[in-house]
There are 4 protein chains.
Amino acid sequence: MIRVAICGGSGYAGGELLRILSNHPLVTVTTVTSERSAGESVTDLFPNLYHYSNLTYEPLRSGNILDKADLFFMALPHGKSQKAVDFFYREGKKVVDLSADYRLKDAKIYQQWYKSEHKFQKTLKNAVYGLPELYRKEISKTRLVANPGCYPTGAVLGLCPSIKHKLIDVTSIIIDSKSGISGAGRKAEIALSYSEVNEGFKAYAVATHRHTPEIEQELSSMAGKDVKVNFTPHLAPLDRGIFTTIYAGLAKKMDTGRIIDLYKNTYTGEPFIRVLEEGKFPNVKNVRGTNHCEIGLTVNSRTNTLVIVTAIDNLMKGASGAAVQNMNIMMGFDEKTGIETVALFP
Amino acid sequence: MIRVAICGGSGYAGGELLRILSNHPLVTVTTVTSERSAGESVTDLFPNLYHYSNLTYEPLRSGNILDKADLFFMALPHGKSQKAVDFFYREGKKVVDLSADYRLKDAKIYQQWYKSEHKFQKTLKNAVYGLPELYRKEISKTRLVANPGCYPTGAVLGLCPSIKHKLIDVTSIIIDSKSGISGAGRKAEIALSYSEVNEGFKAYAVATHRHTPEIEQELSSMAGKDVKVNFTPHLAPLDRGIFTTIYAGLAKKMDTGRIIDLYKNTYTGEPFIRVLEEGKFPNVKNVRGTNHCEIGLTVNSRTNTLVIVTAIDNLMKGASGAAVQNMNIMMGFDEKTGIETVALFP
Amino acid sequence: MIRVAICGGSGYAGGELLRILSNHPLVTVTTVTSERSAGESVTDLFPNLYHYSNLTYEPLRSGNILDKADLFFMALPHGKSQKAVDFFYREGKKVVDLSADYRLKDAKIYQQWYKSEHKFQKTLKNAVYGLPELYRKEISKTRLVANPGCYPTGAVLGLCPSIKHKLIDVTSIIIDSKSGISGAGRKAEIALSYSEVNEGFKAYAVATHRHTPEIEQELSSMAGKDVKVNFTPHLAPLDRGIFTTIYAGLAKKMDTGRIIDLYKNTYTGEPFIRVLEEGKFPNVKNVRGTNHCEIGLTVNSRTNTLVIVTAIDNLMKGASGAAVQNMNIMMGFDEKTGIETVALFP
Amino acid sequence: MIRVAICGGSGYAGGELLRILSNHPLVTVTTVTSERSAGESVTDLFPNLYHYSNLTYEPLRSGNILDKADLFFMALPHGKSQKAVDFFYREGKKVVDLSADYRLKDAKIYQQWYKSEHKFQKTLKNAVYGLPELYRKEISKTRLVANPGCYPTGAVLGLCPSIKHKLIDVTSIIIDSKSGISGAGRKAEIALSYSEVNEGFKAYAVATHRHTPEIEQELSSMAGKDVKVNFTPHLAPLDRGIFTTIYAGLAKKMDTGRIIDLYKNTYTGEPFIRVLEEGKFPNVKNVRGTNHCEIGLTVNSRTNTLVIVTAIDNLMKGASGAAVQNMNIMMGFDEKTGIETVALFP
C-alpha cells in the first residue's frame, strides 16, 4: 500500500485520478490540493465520488505535504507545475506530472510554445515521457514521469509503427483530431457552457495548438530526423473521447492487411492497444471510461496515402488512466491494476 | 405561383423541402410521393409541418403526376431517380434532382462508384451541376439540375478560390469532413439509433465514400487537370451540419490575410457565402437551419500548408436549401426567396 | 416602421429578440444595451447574427436612449428592470418587460419571492400580464406589458380551459416541468458547462421556484379563488424547450375526447396554440424555434385524474417570441408578424 | 465459480449483463442466446466487449443449454420469457427473469396489461419480486426471481419509507418519470433514431404504461390496502438514467429533516441506496454505470405535499445491475460483488 497525493485535484483530470484510485487496491490517497476549492470535500465537487466525503481539499503547500505521500500526481495548470514538481523530485519523491511542463526535452521549444521560461532544466533532464508503449523500461527506472498530452497520445500511438517501419513519408503528416468537451477542462466560461457547445462543431487553435511540438518531438525521435506535422484540434459535442484521423503518403506501395499485421506485431502484448481488423474503424464510444487506444487503418490506393484512425478516452489513456499506468510501472505493480475497465455501452 | 411536386418526400431532404417551401411565396406544393408512407399525411410524418395535414403521400406514378407540377424535386435514393428524372425532363418539365444520379458527367465513373449502370446518358448530358457559385448562368438556362452532394458542397466551396488562383498543389489535397447524423438519412437502423450514436464519434467509408468522384470532378474541372483527393467522412453526435477541414500544400508562400482577400473577392456578391476574418473559424451551430456556407482559413507557415475550414447545414446548403436556390435561379425568381433565414442560437 | 431598443441584449432572450426582429418588416432595432459587452458588436456575441455587425452594445443610460426608440424591450435581470421600466413608461414610451419585475400584481408577494422591494408600485398597477390568449384586449390598450415567465406560459396555457370550465379540483394541481438548458441563461458557471450538464437530468428549486407565485396569480384569477400549486422545474440536456406535465383531479367524470373539444373551443382562432388529437402528445422538438404551444391531454379514468402536457420553446413562446407577439398587439400590427416560423426537423 | 447463461443477450440489458459479469470473479458466462444474432459473436454486437470474441450467440433451445449453466438470466421480451423460465425452473435451475412475465402476482392483472395469458401460474406462485431492499430474505431462499422493472425500481424505492411510516396519503400519489433512451431497447425504429430523439423531450404511454400495475402491487403490499397511482413516463435525450419525481399529500405535518432521518433509518446498511442531505437532490449523471439509487426529498409546506426525487441507471439498478445483485444473494455471494462501481464524471 503506497500513499499518494494529488496536487490540483478539482479539475476533470484530478477527479478522474480520484475515481480510478478508489478502485486501486495498492494505493491510498492521503492528500488532495486545490486553491479554489480549499476547505471543500471531494464529494462536494464530485458527487459521483460520494465515498470521499472525508477527503478535503487543501491549498498546495509543498513543504507541508511532502511527508504525506510516496508519489505525487501533479494535475496543475501548465506553468504552475514546474516548481512543485522540481521540489518533490529533489526531495526524493516519485512524481507523475500531468501538466505539459516536463514533456518537452528542449527548454527553448517549451518557452516558444508556452510563453514562459523553464526554470528547472536540471530536473527536466531527468523526466521520462510517459508513453509506456514507447518508454516502458525508462519509466520503470525513473522517479519523474511527464505524462503525455491527450492529443499526442492518440497521434503518436497511431503513427509509431508506420514511422518505425519507415512506411510513410514523414514530411506529409496531417493529424486531424476531434475531442470531447471535457478536454477543455472544468472552467466557468460562457464558451464552454452547454447551450453554446451543444449541436455545434468547430476547429480551434488551427495550426497553433501547443500539443504540436510534443507530437513532433516524439515523431522526430522515432524517425531519427526532424518531423513537422499539420495538427488541427476540433471540439465535438460529447463528454469524453479523442478521435484522431491521420494522413500520410506511403513511402512505398503496401496493402492494408500487411500494414495491419505490422501494427499488430509492433503492439503485441500491449495491454491497452487494440489494432482492429481490416474494414473496422474505432469509435470513441467503444473506449469511453477505459484506458484503451483503438487503432484502425486503411490504404487509399488511389492516392497512395495511409489513413490511420485512433480513438482514446481523453481523461483515461489521454490523462489520468495513463498516469496510473505510469505509476503502476514506476512502483513495480501489475501495469493494469485499477485500469482494466470495460466501456459502458450505451 | 408555380406548382411543384416532391418525389420522395418522406425522408429528411423531402421534409426540409416541404418546410422551406411552406415559407416560399411563389410556390405551391401540389404533390408529394413516398412508397413507404403512401396514404399518410405530411403531418403524420413531420409533426413540425402541422399545416400540411391535407397533403397526403402517394406512390410515385410518374405519368399520373406529370400534369400536376411545373417543376419536380426528386429526393429519391440513388439509382431510383434515374428513370423518373429522365421521364419528367423529356416531357418538358423542370427537374431538380437531389440524388447523385445526374451529378457525375462520366457514366463510367458513375457505374464504378454506384455499382449500377446509367441508362439515360442522353439526358445526363443536359444536366447542370447545381452549385450556383460555380454555374449560376448554366443553371438559369437549364431544365435539369443535379443538386450537389452535401460533402462536395462544403469541400468544393472551400477549395474553389484556392484552385482558381492556383494557390495550392492540387496533388496534396486532404478533405476531412464531420457530419451530423441527419446526413445518414431517415432510416430504421440500429446503427442510427440514439443510444448507439450519442456520445460516439467515428469515421466511415474511409477512402471509399461515393462523394469522392463528385468532389474530384469539380476540382479537376477547376484545375484543368485530373485531381485526386483523400476524403474521409465522420459522424458527429448532432442533428445537422457538415464541418470540413481541408489541407493542401501551398504552391508558393503567401500569408493568411492575402488569401482571405482572394476568397472574399472570389465570393463577392454571393448571398450565401461568408468568408470569415483572419483568426475566426466556422461553427456548424452558426449555420444551422440556414443556406449559408461559412469559410475560414489559415496558413500553417511551419509546414507551408493551407488549412481551410467550412461549415454548412447538410439539409440546407447541403441539400434542400440548395435545391430551392437552384429552383429560384431556374425560374428567374430572386435567388434568396424562401431561404434567407437566420440560425437559431442556441 | 417603428424603432425599438433592447435593454439587456447580450443574453439568450436578447439574442432571440434580435434574431426575430431581423425578420420583422415593421421594426428597426436602433439600440441595444449591455453592461458587460459594451463596445462589442452584436455579431461578436452572436455569430448567427452576422448581419448586425454595425450594431454595437452600449451601457444602459436610460436618458440617453429615450429618444432613440418608440418601444423598449427590457431583457434585464430581475430587480434591475424595475427602475428603467418605470422611467420609460412615465416618459410615454411603450415597454415590454421580459423580467419578472412587473408580473406580480401584489408587491408584497414580489418582495417575498424576489427578496427585494418593489419601488414603483404606481407603474406596477398599469402593467398588463402579457399572455395574449388571456389578455389580448388589455395588451392592445396598454403601454406596459409584463412578459410572462417561461414556466408559467406552459403551465397556464395548459390549465386555462380546465379551470375556466371548472373541470378540475384546483386544490390538487401538480406541475412538473422540464426545461432545456438555455432557460438557465447565458452565464459563465461551471454548473452550466457542457460536461456537467450533458447526460444528466436533475430537479432544482424544488418547491421554491420563483415562477410559482406567477402561476398561482393567474390560476387564482381564473378560478376566482386562491389557488396553490406544486411546481417542480427540471433541467434536461437540450438547448431549447419546456415540457410541462400537469396533474389535477377531475371535478366530475368526463372523457378525454370531450375535454379536448373544450380545449379546442377555448383556443379557437388562437394562432399559436395547437390542441392535439386524442392519443397524440407534444414534443419540444416540434415547437423548437417557433412561437407555438402544443397541448395534449388524457383522462386517467383509473384515478379520475386529468393529465395535461404542453410543449413550448422557452426562448420563443416562453420569452422573446411572446414579447414580439405582445409588441405586435400593442402596435396594432398583425399579431403573427415575424413569428410565424416552422420548426426545424430534425 | 458458477456457470451462467444469458437468454436474450443481444439487447441492452443482455449486453449490460455481459459487461458486468466480465468483472465478476465468481461467474463464467457459458452460453448466450439470440434469435436475430445467432452465429455472431458478442464482440460483433458489442464492440466494447472485445474480450468476448469467442462467445457466440445461439438460438434459444432450452433443452440444449439446460446442462450448460447453473443459473439462467432471462432477458427475453415480455411474453417470450414465460415458457423458458418455467422450463428451467422446473428442471431445478436458478433463474433471474428480467422480463415482466413473473413480476405480477395476479395472473389476471398480467393478462389485462400485457394482453396475453399467463400459462405458468404454478411457477408464478414461486417467483419472488427481486427488490433486495424489500425482499432480501425471500430472494436468498428462492430459485426464481422476477427482476423489477426500471420505473418501478425508482418509484418504489422512493416511496417505501413514506408508506411504511404512514407519512403520506396513498390515494394522492403522482409519479412523473424521465428515462434515458436506452430504456426503449435496442431496436431498428425510426422513432428511436438519433435525429428524431435528440433535442426532443416527450411523454409516452400517458396513464397506460405497463409498469403501473407493478408499482401498484408493491405499494399496495406495503400500505396494506389497494393503492392506485398516476404514472407518466417521459423520454429525455440521454443514454442512461431514470429520474423520478414523486408527489404525495402528507398525512400529517412533518418537516423535511425528520423525513430524511426516517429514510436514512429505513435504508441503513443498504449498500446501493444513498439518501441525500436536505437541500440536495439527485442527478442521473451521478449514478450512471452504477447500481446506486439516489434519493432526495423536500416538504412543500405551502401545499402540505411531500416531493421525493430518485435517480437510478436504468440498465444497472433498473435492470442488469439488480439482476446480478439478485444472483449474488441467491448464490450466497457478497451482494456487492461485481457491481461496486463509481460513476464516470463527466
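**The interface between chains B and C**

Every interface residue of chain C, 100%, is also an interface residue in chain B, so the copies meet through the same surface. Contact here means heavy atoms within 4.5 Å. The model is predicted: local features need pLDDT of at least 70, side-chain atom pairs count only at pLDDT 80 or more, and totals for chains, interfaces and linings use all residues. Residues are numbered from 1 along each chain as its sequence is written, chains are lettered from A and ligands numbered from 1 in the order written, and side-chain values use heavy atoms, with hydrogens and water left out.

Two copies of a chain are related by a rotation about an axis and a shift along it. Chain C is superposed on chain B by a rotation of 180° with 0.0 Å of shift along the axis, at an RMSD of 0.0 Å. That is the relation of a two-fold axis. C:Glu199 comes closest to the axis of the residues of chain C, with its C-alpha at 4.5 Å.

In the interface, 33 residues of chain C are in contact with 33 residues of chain B. The two chains bury about 2,700 Å² between them, and carbon and sulfur atoms give 57% of this. Buried area is the accessible area (1.4 Å probe) that two parts lose on being put together, summed over both.

The side chains of C:Lys285 and B:Asp239 form a salt bridge at 3.2 Å, N to O. Helix H1 (residues 12-21) of chain C gives the most to the side of chain C that touches chain B, with 3 residues. Helices are DSSP runs (H or I, at least four residues), numbered from the N terminus.

Helix H4 of chain C spans residues 82-90. Its buried residues include C:Val85, C:Phe88 and C:Tyr89. Buried means under 20% relative accessible area (1.4 Å probe, protein chains only). Just after H4 of chain C, C:Gly92 takes a positive phi of about 90°.

The count over all chains is 0 disulfides, a disulfide being a pair of cysteine sulfur atoms within 2.5 Å. The sulfur of A:Cys160 lies 11 Å from the closest cysteine sulfur, in A:Cys293, too far for a bond. A:Cys160 is buried, at 1% relative accessibility. B:Cys7 is also buried, with a relative accessible area of 0%.

How values were computed:
Buried < 20%, exposed > 50% of the residue type's maximum accessible area, 1.4 Å probe, protein only. Least-squares fit on C-alpha atoms with pLDDT ≥ 70 in both. Salt bridge = Lys/Arg side-chain N within 4 Å of Asp/Glu carboxyl O. Helix = DSSP H or I, 4+ residues; strand = E, 2+ residues; numbered from the N terminus.
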